[in-house]
Amino acid sequence: MTALARSLVPTLRTVGLAAGLPVLLVLGWGLATQGSQSFYFPGPATVARTFVDTWFGPAFVQDVLPSLGRFGAGVALSIVIGIVAGTAIGTTPWLRELLEPMLEFFRAVPPVALVPVLMLLLGIGDSMKLAVIVSGCVWPVLLNTVEGVRGVDPVLTETSRSYRVHGALALRYVILPAASPRIMAGIRLCLSIGLILMVISEMFAASSGLGYRLVYFQRSFMIAEMWSGIVLLGLIGVVVATIFGFVDRRVLHWYHGLREVARG
Amino acid sequence: MADARTLLRVTDLGKTYATAGRTVEAIRSISFDVAVGELVCIVGPSGCGKTTLLKCLSGLLAPSAGSVSLDGQPVTDPPEKMAVVFQEYGRSLYPWLTVEDNVALPLKARKVPRAERDELVRAALEEVGLAHATTTYPWQLSGGMQQRVAIARAIAYRPEVLVMDEPFAAVDAQTRADLEDLVRRVWRDLGVTVLFVTHDIDESVYLGERVLVLSSSPTVVQEDLRVDLPDDRDQISTRALPRFTELRTHVHEQIQRAKRDEHSEAVEPHAPAAHT
Ligand SMILES: Nc1ncnc2c1ncn2[C@@H]1O[C@H](COP(=O)(O)OP(=O)(O)OP(=O)(O)O)[C@@H](O)[C@H]1O
Ligand SMILES: [Mg+2]
């Protein structure tokens, strides 16, 4: 009984702390809009009702699913390209010397600036939107992979050499695991950039998707609907971060354990 | 034993590091032979190039002069028949692999079949007294236990030559004594040739059948000494033998001489010492 209570109290505390601020904010929002008829700032009840009406219907299939599809495909493509290219560049000195200045240049170009160019090159279909997402999302994965692959402890590299662990085996059991903390940090960035670029790419010349819907609501002065879309994006962000956190704890459990031990 | 087949031959080995405009002559000229099945300890002051020598022997570092050959073949890459236990043993274990996977990875690289691999890993971990820790991670273990994992990995590899670089520098006296006896046992049971680097004079005399004393940098072989202690060594009785004391005093004097020579070295560079 007391053991249960002892394990329950910290959990409740965590949940309370995590949920406390959002609850307070919504309450404050409700109080501030109470009795006001402001057109631009509807109350929480109105937005909640609109949220259900707007997104739990055909819009889910027409807008939410395509957006999530583009986001998922764009991010997945970025992660694969980033890890493959990053590993190749990180393990091949001449390739790195050749490409490094160019990588810095491309990384510095804001991906949004590429939208008009990519529209010209790829039209206004899904491939343009994918290209926009990938053009912004590969960099954190790629550059972090290069750094991670290069940063393998030389003692481990020598150990692998002396036991003749080479090639695919070294990649699978030495290089990629050693780089995995950096790669996961890159993926975390990739996910948040991907969500932003998904919305932005859909704001240009699109006929479906969350970005398209947001602009549409705004132009049609459907203010409560517009706010509900923003809430939906926020929720998607939270879900993505939760899934990432779960995967991160599984993939990097050794790393988190190691750091905990090092901290004492 | 002296007429046994030569396994490892080091000829006029020299190594000069060149880094950022500065050159460090770590090893001037080292020559020695090791016969099959010998247990040779290499002692020398800190920074005299012991690790550098081992890296050249194990094909991890290209010498600047001279050559190393194993079984008549020149060593250019890490040889298949050699296992190295590194000085930084903690950092030489893969932190993302469990203890057993750390021991198993080199065997996997050598394509040892699964069942045989499992058996080698199990036996090696049992040998070092870590049979209970197979599924833990290296960072969950103490320094001495990590060291034993590194040793188990080398044993499981079934090398012909086992090279160890100051493996017991960071463990407590009791663990150290146990590990020393473990090395002697492995040497006798597996018939492996052992090269053991240490800066502990007592340890070199207790463990070795032969002790190579290195001078301070720039390094040459100061003395090549045969240890004529009984084969069956025991931490208490062997260390109490008058002969043990004589030998350790002798090695001690050699090292002192090496240090004195270092100061007069500019005047009179010494030649590599002849084998005794
Ligand atoms: N990678 C390197 N680049 C430049 N100099 C080096 C390098 N590695 C070692 N040295 C130098 O070579 C000399 C010998 O170093 P080494 O590590 O071989 O000595 P050691 O006998 O193993 O020392 P210790 O007993 O402290 O382990 C030292 O002067 C060291 O500074
Ligand atoms: Mg050393």
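Let me begin with a term: by a polar contact I mean a pair of N or O atoms within 3.5 Å, where, within protein, one atom must be able to donate a hydrogen and the other to accept it, and residues adjacent in sequence count only if both atoms are side-chain atoms. What you see above is a predicted model, in which local features need pLDDT of at least 70 and side-chain atom pairs count only at pLDDT 80 or more, while totals for chains, interfaces and linings use all residues. Residues are numbered from 1 along each chain as its sequence is written, chains are lettered from A and ligands numbered from 1 in the order in which they are written, and side-chain values use heavy atoms, with hydrogens and water left out.

I will start with the ligand. A polar side-chain atom of B:Ser46 lies 2.8 Å from an oxygen atom of ligand 1, and a polar side-chain atom of B:Gln87 is placed 2.9 Å from an oxygen atom of that ligand, whereas B:Gly47 approaches a ligand oxygen through a backbone N or O atom, at 2.9 Å. On its own, ligand 1 has 640 Å² of accessible area, of which the protein covers 65%; these areas come from the Shrake-Rupley method with a 1.4 Å probe, and for residues only the protein chains shown count as cover.

Which element gives the most to the shell around ligand 1? It is H1(B), with three residues, where helices (H or I, at least four residues) and strands (E, at least two) are DSSP runs numbered from the N terminus.

Turning to the interface, 27 residues of chain B are in contact with 22 residues of chain A, contact meaning heavy atoms within 4.5 Å. The two chains bury about 2400 Å² between them, 65% of it on carbon and sulfur atoms; buried area here is the accessible area (1.4 Å probe) that two parts lose on being put together, summed over both. Within chain B, the residues that lose the most area to chain A are B:Arg91, B:Trp96 and B:Trp139, which together make up 30% of what that side buries.

B:Arg91 also forms a salt bridge with A:Asp153, with the closest N and O atoms 2.8 Å apart, a salt bridge being a side-chain nitrogen of Lys or Arg within 4 Å of a carboxyl oxygen of Asp or Glu. The count between chain B and chain A is two salt bridges, alongside nine residue pairs in polar contact, both residues at pLDDT 80 or more. Of the elements on the side of chain B that touches chain A, H2(B) gives the most, with four residues.

Finally, the structure holds 29 salt bridges over all chains, and one of chain A joins the side chains of A:Arg96 and A:Glu100 (4.0 Å, N to O). Because these two residues are four apart in helix H4 (residues 93–108) of chain A, A:Arg96 and A:Glu100 are separated by about one helical turn.
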